[in-house]
Amino acid sequence: MTAVQQTVIYEQAMDLNFLDEVYSIPGGEKIKDCIQCGTCSGSCPVSWAMEETPRQIFAMIRAGMRDKVLDSTTIWTCASCYQCMHRCPQEIKITDIMYMLKRMAIRESRKRSKNAAALSRAFFDIVNKKGRNHETSLMLKVVLSTKPLSGISLAPVGLGLITHNRLPIFGKKVRDIGGLRKIVAKAKELGGE
Amino acid sequence: MRYAYYPGCSLEATGRPYEESVAAVSKALGIELVELEDWNCCGATAYMSINETLSFSLSARNLCQAKKIGDTLVTACSACYTNLRKTETYLAEFPEIKSKVNTSLAEAGLSYDGGIVTKHFLQTVVEDVGLDHVKSLVKHQLSGLRVAPYYGCQIARPYGIEDDADNPTMMDKLLMAIGATPTYYPMKTVCCGGSLMGIRKDVALRLCRNILLCAQQYDAQCIAVTCPLCQMNLDAFQSSINKTYGTSFKIPIVYFTQLMGVAFGLDSKGLGLKDCIVSATEVAARYA
């Protein structure tokens with residue numbers, strides 16, 4: 001009985017608004033067409049490292065398992081390579097829906113997303129400040145905000161890049177940073193995030 | 001031939017050898033690349049995780065800058081390429097996104113109504129310049145050089161080049177035109193992990209290991225790439241891969257533009273070959 005209770009989701013536990021949230025993104029309503037064929041999971045180069053495969057995630061979305069989906073590390077294991085989206089026979093924008101799930105997890109400050117989201121956040125901050133990404137700052141920020149000790153194992157990689165003049169100390173900045181920031185502020189407001 | 005050109009952030013740092021070789025090869029081919037004025041980051045894959053409207057607005061700002069120069073925008077980075085094409089597609093397909101993006105752009109006095117065709121530099125060379133012209137510039141045929149043609153993921157996918165998405169041949173043809181031998185390479189479009197190297201290193205290292213292993217199995221002497229992130233993951237992390245998996249890979253990861261430069265007999269200093277971390281100079285020296 002316990003095993004059954006663990007796998008069966010009762011209607012009252014479902015978050016039926018979740019599906020509407022997914023439908024709301026452009027092209028999101030296509031998820032209705034999913035036939036659970038598993039082509040996405042079979043094509044995904046990293047499904048072996050995921051908690052749930054992409055096919056399972058889509059079944060879970062449709063079952064209203066909001067918390068379980070947003071707390072799954074699957075969404076952060078997606079490398080955005082678009083292989084699933086290219087092969088999906090129902091033309092579901094799978095990669096773009098994964099992006100949306102990442103956005104929701106970040107917005108809700110989901111605990112299990114904390115480390116994985118660090119890269120996106122660091123990137124976002126740098127670009128908002130300078131207008132361009134500065135890879136040197138990005139690498140430092142990610143290492144320091146997640147696991148500073150792992151920086152030791154990364155040192156030879158960084159050193160290799162520095163000695164080959166591929167990690168400049170200073171980054172370049174957009175001249176009209178004022179204009180860019182205005183665009184960013186407006187888009188943030190309109191994007192609702 | 002004159003094009004608007006978008007280098008992207010990586011080409012200013014980890015991908016600097018790519019930038020240098022694109023410039024050198026363009027000059028030889030008679031392509032004039034006019035850099036976008038005051039361009040900004042394309043958002044890469046990470047930005048989309050934070051805010052969609054904003055991500056599209058960033059690329060749209062660059063597309064506005066391109067409009068000032070012409071109708072075709074060229075970029076050599078596969079991630080920038082995908083983002084620019086994706087933005088173009090979404091703005092055309094979803095009017096509500098277009099309107100949000102334009103409301104944002106208006107804050108800086110800009111607007112974008114579509115119409116820019118973004119091309120990867122590989123396409124510019126193969127489709128616009130043409131392989132006949134490429135062949136005519138070859139001074140040193142790269143005879144006997146076995147090259148694994150690694151396209152990576154972004155360039156071949158839904159927003160990518162019009163080629164077979166699972167088995168593209170555009171770069172293969174280019175490699176043959178400069179006398180090299182593209183090897184059989186079933187990992188052509190399998191992802192290298194991209195930015196997962198920053199958050200799931202274990203996963204990215206394994207993907208890169210497979211890409212290197214496959215090249216080794218088909219006796220490739222080097223891997224040719226079209227994307228700065230693929231290059232960095234396979235090149236700068238090759239020693240980490242060897243350490244993790246007990247392998248002894250020593251496979252140079254070169255940009256297709258660097259190989260073109262060698263075949264054209266261009267000065268190797270201007271091709272950034274010495275800045276590959278796994279040394280590519282021995283491979284190049286044979287044809288100098």
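The prediction has an ipTM of 0.91 and a pTM of 0.93. For chain B the average pLDDT is 94, and 100% of the residues reach at least 70.

Chain A contains twelve helices and zero strands. Its order of elements, read from the N terminus, is accordingly α-α-α-α-α-α-α-α-α-α-α-α. Along the principal axes, the C-alpha atoms of chain A occupy a box of roughly 60 × 40 × 30 Å. Chain A has 193 residues, of which 40% are classed as buried.

To the contact between them, domain 1 of chain B gives 24 residues and domain 2 of chain B gives 26 residues. On the side of domain 1 of chain B that touches domain 2 of chain B, the elements giving two or more residues are α1 (16-29) and α3 (78-93) of chain B. The largest share of this side, nine residues, belongs to α1(B). By class, the residues on this side of domain 1 of chain B are eleven nonpolar, nine polar and four charged.

One residue of chain B, Thr257(B), is placed in helix α12, which spans residues 256-263 of chain B. Thr257(B) counts as buried because 28 C-beta neighbours lie inside 10 Å, where 20 or more are required. Apart from neighbours within four places in sequence, the residues in contact with Thr257(B) are Tyr18(B), Ser21(B), Val22(B) and Val25(B). The C-alpha atom of Thr257(B) is also 9.2 Å from that of Phe121(B), a residue 136 positions away along the chain.

The contact between the two chains involves 52 residues of chain B and 54 residues of chain A. On the chain B side, at least two residues each are supplied by α2 (52-67), α4 (95-106), α8 (196-199), α9 (201-217) and α11 (238-245). The residues of chain B that touch chain A comprise 26 nonpolar, 16 polar and ten charged.

Two of the helices that contribute to this side, α9(B) and α11(B), also pack against each other, with an angle of about 95° and a distance of 10 Å between their axes. The angle falls between 65 and 115 degrees, so α9(B) is roughly perpendicular to α11(B). In this packing, α9(B) contributes Leu205(B), Cys208(B), Arg209(B) and Leu212(B), while α11(B) contributes Ser240(B), Ile241(B), Thr244(B) and Tyr245(B). The contact of α9(B) with α11(B) is made up of five nonpolar, two polar and one charged residues.

How values were computed. Residues are numbered from 1 along each chain as its sequence is written. Chains are lettered from A and ligands numbered from 1 in the order in which they are written. This is a predicted model: local features need pLDDT of at least 70, side-chain atom pairs count only at pLDDT 80 or more; totals for chains, interfaces and linings use all residues. Two residues are in contact if their C-beta atoms, placed from the backbone, lie within 7 Å. Helices (H or I, at least four residues) and strands (E, at least two) are DSSP runs, numbered from the N terminus. Ala, Val, Leu, Ile, Met, Phe, Trp, Tyr, Cys and Pro count as nonpolar, Asp, Glu, Lys and Arg as charged, and the others, Gly among them, as polar. pLDDT is the predictor's confidence in each residue, from 0 to 100. A residue is buried if 20 or more other C-beta atoms lie within 10 Å of its own, exposed if 12 or fewer, and partly exposed in between; C-beta atoms are placed from the backbone. Axes are lines fitted to C-alpha atoms, for helices over the stretch in contact, and angles run from 0 to 180 degrees between N-to-C directions. Angles under 35 degrees count as roughly parallel, over 145 as roughly antiparallel, 65 to 115 as roughly perpendicular and the rest as oblique.
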